[in-house]
Amino acid sequence: MIGFLLSCLGMLAVAALLFAPALFKRTDPLIAPTRRWLTLSITIVAVGVVSAGLYLANTKWSWTTDNNLAQSNDAVDVNAMIARLEVQLKKNPNDLDSWLMLGRSYVVTQRYALATNAYQQAYDLSQGHSVDATIGLAEALVLTDESSLGGRAATLIEQALKQQPNNPKALWYGGVAALKTEKLAVARERFAALLALNPPPQIRTLLERQVQDLDQQLGTPAPSVKVAAVDDKNGRKLIVNVKLADSIKQHLQAPIALFVLARDPQQGGVPLAVERHQSTELPLRVELTTADAMLPTRSINDVAAVEVVARLSRSGEPLEKSGDYVGTAQYSFTHQGQQGTVTIEINRQVP
């Protein structure tokens, strides 16, 4: 497989964070579901991982090849290719395809401001008629500044959807933009349309779960969307008893979001299991299983031990921030068994 495609596949797992279905298994009356979901989505979009996951495809959305970036199975040095494109475009600034390829390359290397400029050049050259330039520019704008989803990027996305209603990236970003404006039905329609394009299994599972979540919020369950069953081959279960230290309790003036998660203590990365609750439920008993996995391909089944974290989020966001309150515990499946119990006291504040 070409080097560029491998880098995209490596980031596909992180793109799954955008869906994070486990974080929304509980309803927090103080934080609107659309705001919770959008906060997580944009947080991850801001580091460029969604586009990387969707770059399993080229502009024509081939799920398995990337003919624009390589003509053989040899690894591609993306930086060297960028340098060649930059030289080429100085000689021929009217080469639309090269501007598009340069824009994609900048996105992959997370140089979003440069990607915006490249896609703007392509957009201008095509006079707005190139869907690839339109959605590429919108994507680069979002990755540069998430607030653009409420401005120019949203306008470009709608333009792209009018030009090409089944464009996968336009459907994806169009769905996220719809969530930003709390248009749940529109978001659901666009994610379902993306499902109809027969994406790879990993993406399909995540989309199905997101559509199901939206159906629950809309109160209109859709039998046509069936979430894939979770493979609980080892039957692992971790019972987490969470309590709050008195020294922390006195600082809570109102209910706030509570995240209980298990992560790999060696490699870190995406949590292996996670649930969202709220502080008013404390003391709380949580069962973490493979059903709480954020990724269908990585769960508590895949590690020998986990670090279990209980965190009260002052911002309501899933990413740890200064001022949050946390407690941790360790559990070894190798030494303590496939099922067990840990107790966590939330007793310190993140500096």
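Which residues does S279 touch, not counting residues up to four places away in sequence? I looked, bearing in mind that this is a predicted model, and found L252, A254, P255, I256, L258 and L312. I placed S279 in the loop between β3 (273-278) and β4 (284-288). S279 counts as buried because its relative accessible area is 10%, under the 20% cut-off.

Next I turned to A310, in strand β5 (residues 305-313). A310 is buried, with a relative accessible area of 0%. Leaving aside neighbours within four places in sequence, I noted contacts of A310 with V242, F259, V260, Y325, V326, G327, I344 and I346. I also checked A310 against T328: they are 18 residues apart in sequence, and their C-alpha atoms are 6.3 Å apart in space.

Then I went through the charged pairs and counted 8 salt bridges. One of them joins the side chains of E287 and K237, at 3.9 Å from N to O. E287 sits in strand β4 and K237 in strand β1 (residues 237-244), so this pair ties together parts that are 50 residues apart in sequence. Both ends are partly exposed, E287 at 31% and K237 at 27%.

I found another salt bridge between E307 and R263, with the closest N and O atoms 2.9 Å apart. E307 lies in strand β5 and R263 in strand β2 (residues 257-263), so the pair links parts 44 residues apart in sequence. Here E307 is buried at 16%, whereas R263 is partly exposed at 27%.

Methods: Residues numbered from 1 in each chain as written. Predicted model: local features only at pLDDT ≥ 70, side-chain atom pairs only at ≥ 80, totals over all residues. Heavy atoms only, no water. Helix = DSSP H or I, 4+ residues; strand = E, 2+ residues; numbered from the N terminus. Buried < 20%, exposed > 50% of the residue type's maximum accessible area, 1.4 Å probe, protein only. Contact = heavy atoms within 4.5 Å. Salt bridge = Lys/Arg side-chain N within 4 Å of Asp/Glu carboxyl O.
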